Amino acid sequence: MRVVSLVPSATETLLDLGVRPVACTRFCEQPGIPTVGGTKNPEVAAIVDLAPDLVVINDEENRREDAEALSAAGVALHAWSPRTVAAVGPGVVALAGMVGVDVPAAFASAAWAAWLDQVAPNRVARPVVAFVWRRPWMTLGADTYAASVLAYLGLAVVAAGDADARYPTVTLAAVRAEAPELAILPSEPYPFAARHVGEVARALPGVAVRLVDGRDLLWGGSRTPNALTRLRATLT
C-alpha cells in the first residue's frame, strides 16, 4: 500500500510493521523518506498528488481542516490516536489491519493484556511534574498518553494548573506548591536539555530533575514496551 503518515509515532510503527510510508512529516525523523511538511502544516496538495491508499492522522497533532481537505479530495484516512498505554495494543492491531500486514505477537490482544498486567505498578504513586513547554511553562495533564506511561511507572502527574486541561499552562510557584517529588524534562516537544536542569532545580528546591527522551514519553506505538523499560531505569 501507498501510505502517508502525518504522525511521528505512527511512522515509526509502520516501519516496524514492515510498511515504508511514501511520505511523512519532517518531525517523523526518518531520513530517506520524503517529507510533506509538518504535523500542523502538511502540504495537502503534495499528499494528494502522491495518490496514497491511506493517510494516517492524529486528532491531537494534526489539524481538523487538513484532515477535512484530504477527505474532500477522496483520500482515505486512518486515525491513530492512542491516549493510554492500554490503547496502544488495539491501535497497533487496527493499523496493521488497515495496511494489510500481520499483527506482531506482542501486540495481539491476549499477549498485550498479559503484558499490561505484568507492568502494572503495585505501589502508591509518587507525585511528579512533567514539563512539555517553557515560556510559558506547560505540563502534562492527567488525560494524556504520557501521563498513562508515567502511571505504569508508579508516577502520578500533579495538577498545578487547570486540572481539566490536557496540557495546562502553569507557574513554577504553583508547581512548587504541589510538592512533586520529581520533575521530568522530555526532549520534545520543547527541546529541554542539560542547561535547563539547573533552572528547574533552583525553582523547585528539593525536587529531583530528570531529562528523558521525549519520544519514549510521548510516542505511543511499537516503541512503547521498550520505552517503558528505558523510562523505568531513568525515573524509578
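How many residues in the lining of the largest pocket are nonpolar, polar and charged? I opened my notebook with that one.

**Ground rules.** I am working on a predicted model, where local features need pLDDT of at least 70, side-chain atom pairs count only at pLDDT 80 or more, and totals for chains, interfaces and linings use all residues. Numbering runs from 1 along each chain as its sequence is written, and side-chain values use heavy atoms, with hydrogens and water left out.

**Pocket.** I looked up the largest pocket and found a volume of about 750 Å³. A pocket here is an open set of points on a 1 Å grid over the protein atoms alone, where a 1.4 Å probe fits, with protein on both sides within 12 Å along at least five of seven lines; lining residues have an atom within 4 Å of a point. Of its 27 lining residues, Glu-60, Glu-61, Glu-188, Pro-189 and Leu-218 are the closest to the centre. My opening count came out as 14 nonpolar, six polar and seven charged (Ala, Val, Leu, Ile, Met, Phe, Trp, Tyr, Cys and Pro are nonpolar, Asp, Glu, Lys and Arg charged, the others polar).

**Rings.** Next I checked aromatic pairs (ring centres within 6.5 Å; planes under 30 degrees apart are stacked, over 60 edge-to-face, the rest tilted). I got six of them. Phe-131 and Trp-137 are edge-to-face because their planes lie at 65°, with centres 5.0 Å apart. Tyr-190 and Phe-192, at 4.8 Å and 50°, are therefore tilted.

**Burial.** Phe-131 and Trp-137 are both buried (under 20% relative accessible area, 1.4 Å probe, protein chains only). Tyr-190 is buried too, at 14%, as is Phe-192 at 5%.

Terms used:
Points joined across faces, edges and corners; volume = space filled by probe spheres on them. Buried < 20%, exposed > 50% of the residue type's maximum accessible area, 1.4 Å probe, protein only.
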